[in-house]
Amino acid sequence: MGGAVSAGEDNDDLIDNLKEAQYIRTESVEQAFRAIDRGDYYLEGYRDNAYKDLAWKHGNIHLSAPCIYSEVMEALKLQPGLSFLNLGSGTGYLSTMVGLILGPFGINHGIELHSDVVEYAKEKLESFIKYRECVVFSAPIQLLDLEYPARRESHRARLGCPSSSTLSKTQPG
């Protein structure tokens, strides 16, 4: 699945294409997609496909096609304060975008089968928080490792914004 929209050169091109094809229809979903660069969730050396509307998998690490994520987010009619459970949460890309919409009073849980993917998702979440001027994110974020169920981790990423009306994006330096 995927490939429904033309390939973009960067994250903004990808989102513009998803909007043009009517996959992204609401401002909140658009802002969440723009706040998180899809390329940041790819392994080094594989980013040349990050802005194509295609699924990607390397070992256990996977991302669905952007059109799938946008359709899911639009269909769920996400609002601040709601709850979200992502089974097979993978890299955390979808959960992170959803968390931006749910805000600090939402509940956002990700469950992943593979320990290496849980570690990868933790790294991506920490990097996202570190390099953003502003994060309004669901808290707590639960990552449950099904290989080691006793290893349940909560991560708090509830930070304020100078201007909470927009989701800010900055590039890692």
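Where is Gln22 found?

Analyst: Gln22 is found in the loop between helix 1 and helix 2. This is a predicted model, in which local features need pLDDT of at least 70 and side-chain atom pairs count only at pLDDT 80 or more, while totals for chains, interfaces and linings use all residues. Residues are numbered from 1 along each chain as its sequence is written, and side-chain values use heavy atoms, with hydrogens and water left out. Helices (H or I, at least four residues) and strands (E, at least two) are DSSP runs, numbered from the N terminus.

Although Gln22 is not a glycine, its phi is positive, at about 70°.

Helix 1 (residues 11-20) and helix 2 (residues 27-35) have axes that come within 9 Å and cross at roughly 160°. Here axes are lines fitted to C-alpha atoms, for helices over the stretch in contact, and angles run from 0 to 180 degrees between N-to-C directions. The two helices are therefore roughly antiparallel (angles under 35 degrees count as roughly parallel, over 145 as roughly antiparallel, 65 to 115 as roughly perpendicular and the rest as oblique). Their crossing is right-handed; a crossing is left-handed if the near helix is turned anticlockwise from the far one by less than a right angle, and right-handed if clockwise. Asn11, Asp12, Ile15, Asp16, Leu18 and Lys19 of helix 1 make the contact with Glu30, Phe33 and Arg34 of helix 2, contact meaning heavy atoms within 4.5 Å. By class, this contact has three nonpolar, one polar and five charged residues. Ala, Val, Leu, Ile, Met, Phe, Trp, Tyr, Cys and Pro count as nonpolar, Asp, Glu, Lys and Arg as charged, and the others, Gly among them, as polar.

Helix 2 also meets helix 3. Their axes come within 10 Å and cross at roughly 140°, which makes helix 2 oblique to helix 3. The crossing is right-handed. Val29, Ala32 and Phe33 in helix 2 meet Pro66, Tyr69, Ser70, Met73 and Glu74 in helix 3, and the residues of this contact divide into six nonpolar, one polar and one charged.

A further partner of helix 2 is helix 4 (residues 93-102). The axes of helix 2 and helix 4 come within 9 Å and cross at roughly 130°, so the pair is oblique. This crossing is right-handed. The contact joins Ser28, Val29, Ala32, Phe33 and Ala35 of helix 2 to Tyr93, Met97, Leu100 and Ile101 of helix 4, with eight nonpolar residues, one polar and no charged ones.

Note on methods
A crossover is right-handed if, with the strands pointing away from the viewer, the path from the first strand over the helix to the second runs clockwise.
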